[in-house]
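Work through the exercises below with the model open. Try each task before reading its solution.

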Amino acid sequence: MLKSERTRLHILETVAPLFNKKGYSGMSLSGITKATGLTKGAIYGHFESKEELAIEAFRYCIRTVLKDLNANVAKGDTALDRLINVSSFYRNYYSYSKKFGGCPILNIGVDSEYQQTSISKLVRSYNERILDKFTKLIDAAKESNQVRSEVNSEIYAKRFAYMIEGAVYMSHVMKDGSYLEDLAEVMQNMITNELRV
């Protein structure tokens, strides 16, 4: 890795949790330079603006989460196993997401909701990708006759997504990972009792 690439990665690794905790408007350039130990010129040598840095920091967080989620899902031997592995990933998500300063989708999504910035569109696009991933997992289980054919994959994908984000919210607000542990059980029960053939 080139020195410039290492510096860019250092900036992202350092500021991503700060943007996630404080939000775009709550993160000052002086806070960024203090946290990274770099000058304003060094920051702007790698990112054209604070908004670009915020976008890339969000992408860094969410790509890491999705990479780890996909790796956990891929451990399943069957389509149904892979669907169940979604729930098992979120069982320990409370402690896992602390390294990012919380859930990037939830934190940045709420922070950017009323701002007309490209980051709010980016959050929406990642939510759409996650919904699509869940839908495809359910469809694959249907195609392998592990999930009932009459199940509406999109509706269940949406249910799983809002249940996950609700449990993430409650776990972080209450500082109690049991909401996510319970979510994993509820999702597994839904898959077993409502979806499985």
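**Exercise 1.** Classify how α1 and α4 are oriented to each other.

Solution. Take the helices: α1 covers residues 3-22 and α4 covers residues 50-73. They pack at an angle of about 85°, and their axes lie 8 Å apart. Axes are lines fitted to C-alpha atoms over the stretch in contact, with angles from 0 to 180 degrees between N-to-C directions. Helices are DSSP runs (H or I, at least four residues), numbered from the N terminus.

The model is predicted: local features need pLDDT of at least 70, side-chain atom pairs count only at pLDDT 80 or more, and totals for chains, interfaces and linings use all residues. Residues are numbered from 1 along each chain as its sequence is written, and side-chain values use heavy atoms, without hydrogens or water.

**Exercise 2.** Find which residues of α1 meet α4.

Solution. Look for contacts (heavy atoms within 4.5 Å). On α1, the residues include Leu9, Leu12 and Phe19; on α4, Leu53, Ala57 and Tyr60 are among them. The contact residues divide into eleven nonpolar, no polar and four charged. Here Ala, Val, Leu, Ile, Met, Phe, Trp, Tyr, Cys and Pro count as nonpolar, Asp, Glu, Lys and Arg as charged, and the others, Gly among them, as polar.

**Exercise 3.** Is Tyr44 buried, partly exposed or exposed?

Solution. Locate Tyr44 in helix α3 (residues 40-46). Its relative accessibility is 32%, so Tyr44 counts as partly exposed. Buried means under 20% relative accessible area, exposed over 50%, partly exposed in between (1.4 Å probe, protein chains only). Leaving aside neighbours within four places in sequence, Tyr44 contacts Leu29, Ser49 and Lys50.

Notes: Helix = DSSP H or I, 4+ residues; strand = E, 2+ residues; numbered from the N terminus. Parallel < 35°, antiparallel > 145°, perpendicular 65-115°, else oblique.
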